Amino acid sequence: DGTPVLAAPTIAGRDVSLVTGPLGSAAHVLAGTLVDDGGHRAPFRINLTVGTAAANGAVLEIAKNISTSGWTTLTALDSSATVSVPPASYVRPASLDFLVLHVKPAPSDAASVGTGVAPASSIVDVTATWHSTGVAQHSFDAPIQVTLTDQTGGSGVPATYEGGAWRTTPRLEGTTLPAGWADGFYRDASGVHVLTRHLTLFALAAQHVAVPSAAIS
């Protein structure tokens with residue numbers, strides 16, 4: 001969390017143990033650099049959240065490093081959303097830097113979602129940041145899946161925050177996002193699935209409103 005871990009690590013074969021001291025209810029990061037006898041260096045990061053979905057009145061974030069070799073899946077602590085990132089979603093730079101996925105739900109209200117879009121769920125803030133700089137990556141090469149828990153009985157339509165305003169996402173004819181589309185959704189028994197090439201805020205709207213197309217050139 002930006003404070004040096006003063007206790008020396010315990011090394012046993014391939015295992016390294018570090019004592020952090022007491023950690024309060026919050027999202028925490030244990031990070032550093034691994035160096036071998038040949039001088040090769042590589043960063044590491046362990047994300048952990050201490051506490052329940054709502055600790056001390058605050059909704060907690062959960063985070064996970066995004067893999068470049070397999071799917072990365074992360075579920076919000078209140079189970080309002082599950083985010084799955086494919087391995088081909090971005091190009092890892094030569095610096096060995098990597099992206100960290102963050103999922104944080106927050107209570108919504110009519111004012112926060114916007115005129116004409118009545119909220120039907122928590123707002124879920126989905127972000128991906130570079131480990132070394134904390135700078136957010138907003139666009140991706142392959143669609144990311146954000147599955148929202150639908151408590152509307154099937155009437156909820158996903159909305160996304162883009163360009164300073166909320167808009168609803170278009171319905172897909174199948175389960176694949178067409179080339180040139182920024183996002184789209186389909187529904188099944190497990191929830192409302194938003195396929196998106198951008199990360200931002202997501203929520204379910206209780207009513208559908210006329211919005212511009214999500215297609216991009």
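Mentor: First a definition: contact means heavy atoms within 4.5 Å. This is a predicted model, where local features need pLDDT of at least 70 and side-chain atom pairs count only at pLDDT 80 or more, while totals for chains, interfaces and linings use all residues. Residues are numbered from 1 along each chain as its sequence is written, and side-chain values use heavy atoms, with hydrogens and water left out.

Trainee: Great. So what is H28 in contact with, leaving aside its neighbours within four places in sequence?
Mentor: H28 is in contact with D1, L23, I46, N47, L48 and V50, once those neighbours are set aside.

Trainee: And where is H28 found?
Mentor: H28 sits in strand 3, residues 26-35. Strands here are DSSP runs of E with at least two residues, numbered from the N terminus.

Trainee: Is H28 buried or exposed?
Mentor: H28 has a relative accessible area of 9%, so H28 counts as buried. The cut-offs are under 20% for buried, over 50% for exposed and partly exposed in between, with a 1.4 Å probe and protein chains only.

Trainee: Which side chain does the H28 side chain make a polar contact with?
Mentor: That of D1, at 2.6 Å. A polar contact is a pair of N or O atoms within 3.5 Å; within protein, one must be able to donate a hydrogen and the other to accept it, and residues adjacent in sequence count only if both atoms are side-chain atoms.

Trainee: Switching topic: how many aromatic pairs does a search of the whole structure find?
Mentor: The search finds two. One is Y90 with W130, edge-to-face, 5.6 Å centre to centre and 80 degrees between the planes. Rings of Phe, Tyr and Trp (its six-membered ring) pair if their centres lie within 6.5 Å; planes under 30 degrees apart are stacked, over 60 edge-to-face and the rest tilted.

Trainee: Where do Y90 and W130 lie in the chain?
Mentor: In distant parts, 40 residues apart: Y90 is in the loop between strand 9 (81-85) and strand 10 (99-106), and W130 is in strand 11 (residues 123-130). Y90 is buried, because its relative accessible area is 7%, and W130 is buried too, at 15%.

Trainee: What about Y161 and W166?
Mentor: Y161 and W166 also form an edge-to-face pair, 5.6 Å centre to centre with 65 degrees between the planes. Y161 is partly exposed at 31% relative accessibility, whereas W166 is buried at 13%.

Methods: Helices (H or I, at least four residues) and strands (E, at least two) are DSSP runs, numbered from the N terminus.
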